[in-house]
Amino acid sequence: MPFPLYLLALAVFAMGTSEFMLAGLLPDIAPDLDVTVGTAAALTTAYAIGMVVGAPLMAGLARNVPGRSGLSAFVLLFLAAHAVGAVTGSFPVLIATRVVAALANAGFLAVALTTATALVPSDKKGRALAVLLSGTTVATVAGVPGGSLLGALFGWRAAFWAVAALCVPAAVGILAGMPARRPREHAADGPPALRPELAQLKRPRLLVVMLVGALVNAATFAGFTFLAPVVTDAAGLGELWVPVALVLFGAGSVAGRLSDRRPGSVLVVGGPLLLVGWPALALPAGEPAVLLLLVFLQGALSFALGGTLITRVLHEAWGAPTMGGSYATAALNVGAAVGPLVAATTLGTPLGCHGPLWASGSLVLLALLVALPLRGVITADPGRSGAPR
């Protein structure tokens with residue numbers, strides 16, 4: 001694989017760490033900024049909304065910008081947003097920095113997804129995406145719990161500074177190692193017209209896969225965002241066990257990535273197991289060993305389905321070579337925006353901190369109800385999805 005892919009993965013690692021780490025920082029951010037935990041969860045929603053809006057917007061704006069310049073600019077903007085967030089004492093300002101960071105993240109990921117596949121021959125595009133998205137997996141395994149641990153030891157602001165510091169080598173590496181021009185697919189003629197790429201969003205096949213991906217990701221974020229209270233309150237464990245739970249969830253994502261070669265099996269087998277797993281995670285929350293085991297299994301199932309659906313969106317968006325990455329980014333972050341909002345409404349019910357886990361199960365059920373009648377679209381051989389081979 002070309003070395004620039006690993007530079008892109010480093011930036012994805014920093015951005016993934018920021019996106020997910022709030023799950024372990026909300027209990028500290030809330031009292032520091034004088035808001036409730038439910039209100040603090042709006043930080044996750046603001047970030048997700050910024051990703052949804054920013055993915056197509058920033059990808060469209062960056063279509064005519066050389067890849068190296070656009071990617072490095074997004075990383076530097078992301079760095080600046082975290083520096084401001086680390087020093088602010090205002091919750092509205094922190095919300096604003098999350099939106100700006102999300103716009104930068106969305107633009108970077110949308111461009112990076114198309115850049116990564118254009119850097120390699122057509123028969124290696126799947127592997128190129130795996131290298132790029134490994135940054136997210138490493139973030140869930142090491143970056144997220146690392147940020148949570150920094151927050152527990154030195155306060156949540158230290159985690160924001162750590163993310164900003166990670167952006168420095170990523171930006172320098174992209175400036176030094178990425179080609180100055182766009183990858184070879186569009187170097188000669190420029191990017192294709194924008195209107196036909198946007199017209200791809202009228203295709204029912206693409207919309208169905210995007211919807212199912214959004215629902216599965218909503219379930220993941222509904223449970224993941226409020227996992228810390230389950231660990232500390234329901235299971236009665238100390239704050240330092242929150243990073244352990246996040247490590248287990250992220251480690252499950254590594255196992256989940258192995259199943260993206262068989263999307264049919266992932267949907268048919270993994271979907272129902274994921275449906276059962278979220279409410280099952282709520283039932284033994286008072287038994288720490290069982291809870292941690294189920295956290296690992298849910299990580300594997302959640303990322304198996306989520307990773308497979310990312311690939312399916314990119315296959316179905318074959319007619320949008322510069323915008324397809326933004327469609328995948330937007331779909332998954334619609335889920336990231338909706339999930340915490342749905343989960344937050346359950347916190348004031350008798351379900352308490354278990355409510356988000358039941359909300360996750362409901363969202364998976366809805367995803368399966370949408371997917372099962374149209375499972376042929378989602379599980380079809382990529383080579384037969386309408387894209388050119």
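Ala-331 sits in helix 14 (residues 324-344), where helices (H or I, at least four residues) and strands (E, at least two) are DSSP runs numbered from the N terminus. This is a predicted model, so local features need pLDDT of at least 70 and side-chain atom pairs count only at pLDDT 80 or more, while totals for chains, interfaces and linings use all residues. Residues are numbered from 1 along each chain as its sequence is written, and side-chain values use heavy atoms, with hydrogens and water left out.

Is Ala-331 buried or exposed? Ala-331 is buried, at a relative accessible area of 5%; buried means under 20%, exposed over 50%, and partly exposed in between (1.4 Å probe, protein chains only). Setting aside neighbours within four places in sequence, Ala-331 is in contact with Met-210 and Ala-214, contact being heavy atoms within 4.5 Å. Ala-331 and Met-51 lie 280 residues apart in sequence, yet 9.5 Å apart in space, C-alpha to C-alpha.

Helix 3 (residues 42-61) has 20 residues and should span 28 Å at 1.5 Å a residue, and its end C-alpha atoms are 27 Å apart, which agrees; the expected span is 1.5 Å times one less than the number of residues. Helix 3 also bends by about 45 degrees at Gly-54, with a proline, Pro-56, following within four residues (the bend is the angle between axes fitted to the seven residues ending there and the seven starting there).

Helix 3 packs against helix 1 at an angle of about 160 degrees, the axes being 9 Å apart. That makes the two helices roughly antiparallel. On the helix 1 side, the contact is made by Met-15, Ser-18, Glu-19, Leu-22 and Ile-29, and on the helix 3 side by Leu-43, Thr-44, Tyr-47 and Met-51. Axes here are lines fitted to C-alpha atoms, for helices over the stretch in contact, and angles run from 0 to 180 degrees between N-to-C directions; under 35 degrees counts as roughly parallel, over 145 as roughly antiparallel, 65 to 115 as roughly perpendicular and the rest as oblique.

The largest nonpolar core has 120 residues, with Leu-8, Val-75, Phe-108 and Ile-174 making the most contacts inside it. Helix 1 (residues 3-32) gives the largest share of this core, 15 residues. Such a core is a set of buried Ala, Val, Leu, Ile, Met, Phe, Trp, Tyr and Cys residues joined through side-chain atoms within 4.5 Å. Across the protein, buried residues make up 55% of the 389 residues.
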